[in-house]
Amino acid sequence: MNEARKIRLVVLISGRGSNLQAILDQAASGELPVDIAAVISNRPGVQGLERARRAGVPALELDHKAFSDRPGFEAALVELIDRHQPDLVVLAGFMRVLTPSFTDHYRGRLLNIHPSLLPKFRGLHTHERAIAAGETEHGASIHFVTAELDGGPIIVQARVPVLPGDDPDTLGARVLEQEHRLYPQAIRWFAQGRLGLEGERVRFDGRPLENPLELTDLT
Ligand code: GRF
C-alpha cells in the first residue's frame with residue numbers, strides 16, 4: 001500500500017452493516033489508513049452497531065423517529081457527526097433521504113454506495129428492477145453525495161453478470177461481494193489524497209475523471 005496518513009472516518013448505517021464490516025476488517029488489518037471515529041445508526045439496535053462495538057468502535061444511535069421533522073433530525077445528526085471531526089463521512093446502507101443543507105455541509109467528503117450501475121436504477125429494489133428490465137449486467141457504484149438522490153458524481157463501479165435463473169437474492173449476493181471490495185478501495189483512494197470532488201466532477205490523481213473507474217482498475 002502507498003503511504004497514507006490516517007484519516008478520521010464516520011460511517012452512517014441503518015441495518016445489517018456488511019459494508020461497514022468490510023471497512024472495519026481492512027482498518028483492523030492495516031490495509032485501510034483510517035481511524036473509525038464513530039458508527040452512527042438512525043435505527044436503534046441494528047446488527048451494524050454490534051459489529052462496531054465488537055471492533056471497539058463507538059456505536060451511536062440517533063433515532064430519526066424521535067424528531068418531528070427531517071431538518072430537526074439532520075441538525076442533530078450533523079452535530080453528532082461533527083463532534084467526531086471526520087475527514088470523510090460514508091453512507092453504508094444508510095436509508096434516509098438527506099436534504100441539500102446536509103449534503104452541502106459535507107460536499108466533497110461524503111460518499112455513498114448504491115447497488116446498481118448508476119445512473120441506472122436509482123432508488124430502491126435495484127436487483128429486482130434490473131432482472132425485470134432484462135439486464136445482462138448489473139453491479140454497484142460508489143459516488144460523491146450531492147443533493148440529487150443517488151445522482152452525485154460516480155467514482156468507481158463493479159460489474160457482475162445477471163445469470164439465467166437469478167432472483168433478487170442471488171443477484172444481490174453477487175453484487176454485495178463486489179460492494180465489499182469497492183468501498184474500502186474508494187476510501188483508500190480518498191485517504192491517499194488521490195480522490196476529490198471538483199465542481200460537478202470527480203478528480204482522480206489530479207485529473208477530472210472522464211468515466212467512472214472500474215473494479216478492474218483496482219490495482
Ligand atoms: C447495500 O446493498 C448498499 O449498497 C445499499 O444498502 C445495502 C447495505 O447493506 N445502500 P449492508 O448494511 O452494508 O450489509
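I took a polar contact to be a pair of N or O atoms within 3.5 Å. I note that the model is a predicted one.

**Ligand contacts**

A backbone N or O atom of N19 sits 2.8 Å from a ligand oxygen atom. For G17 I found a polar backbone atom 2.8 Å from an oxygen atom of the ligand. I then checked the cover: on its own the ligand has 370 Å² of accessible area, and the protein covers 87% of that.

**Ligand shell**

I listed the residues around the ligand: R16, G17, S18, N19, G93, I113, P115 and E179. By class, I have two nonpolar, four polar and two charged residues in this shell.

**Largest pocket**

Which space does the ligand take? I find that it is the largest pocket. I recorded a volume of about 970 Å³ for this pocket. Its lining has 35 residues, and G93, M95, I113, P115 and L124 lie nearest the centre. Two or more lining residues come from each of α1 (18-29), β5 (110-114), α5 (126-132) and α6 (168-191). I sorted the lining into 14 nonpolar, 16 polar and five charged residues.

**Second largest pocket**

I also looked at the second largest pocket, with a volume of about 160 Å³. Its lining consists of G151, G152, P153, I154, E200, R201, V202, L209, E210, N211 and P212. I sorted these lining residues into five nonpolar, three polar and three charged.

Key: Residues are numbered from 1 along each chain as its sequence is written. This is a predicted model: local features need pLDDT of at least 70, side-chain atom pairs count only at pLDDT 80 or more; totals for chains, interfaces and linings use all residues. Side-chain values use heavy atoms; hydrogens and water are left out. On a 1 Å grid over the protein atoms alone, a cavity is a set of points where a 1.4 Å probe fits but cannot get out, and a pocket is an open set with protein on both sides within 12 Å along at least five of seven lines; lining residues have an atom within 4 Å of a point. Grid points are joined across faces, edges and corners, and a volume is the space filled by probe spheres set on the points. Helices (H or I, at least four residues) and strands (E, at least two) are DSSP runs, numbered from the N terminus. Ala, Val, Leu, Ile, Met, Phe, Trp, Tyr, Cys and Pro count as nonpolar, Asp, Glu, Lys and Arg as charged, and the others, Gly among them, as polar. A residue is near a molecule or strand if one of its heavy atoms lies within 4 Å of it. A polar contact is a pair of N or O atoms within 3.5 Å; within protein, one must be able to donate a hydrogen and the other to accept it, and residues adjacent in sequence count only if both atoms are side-chain atoms. Accessible areas come from the Shrake-Rupley method with a 1.4 Å probe; for residues, only the protein chains shown count as cover. A molecule sits in a cavity or pocket if more than half of its atoms lie within 2 Å of its grid points.
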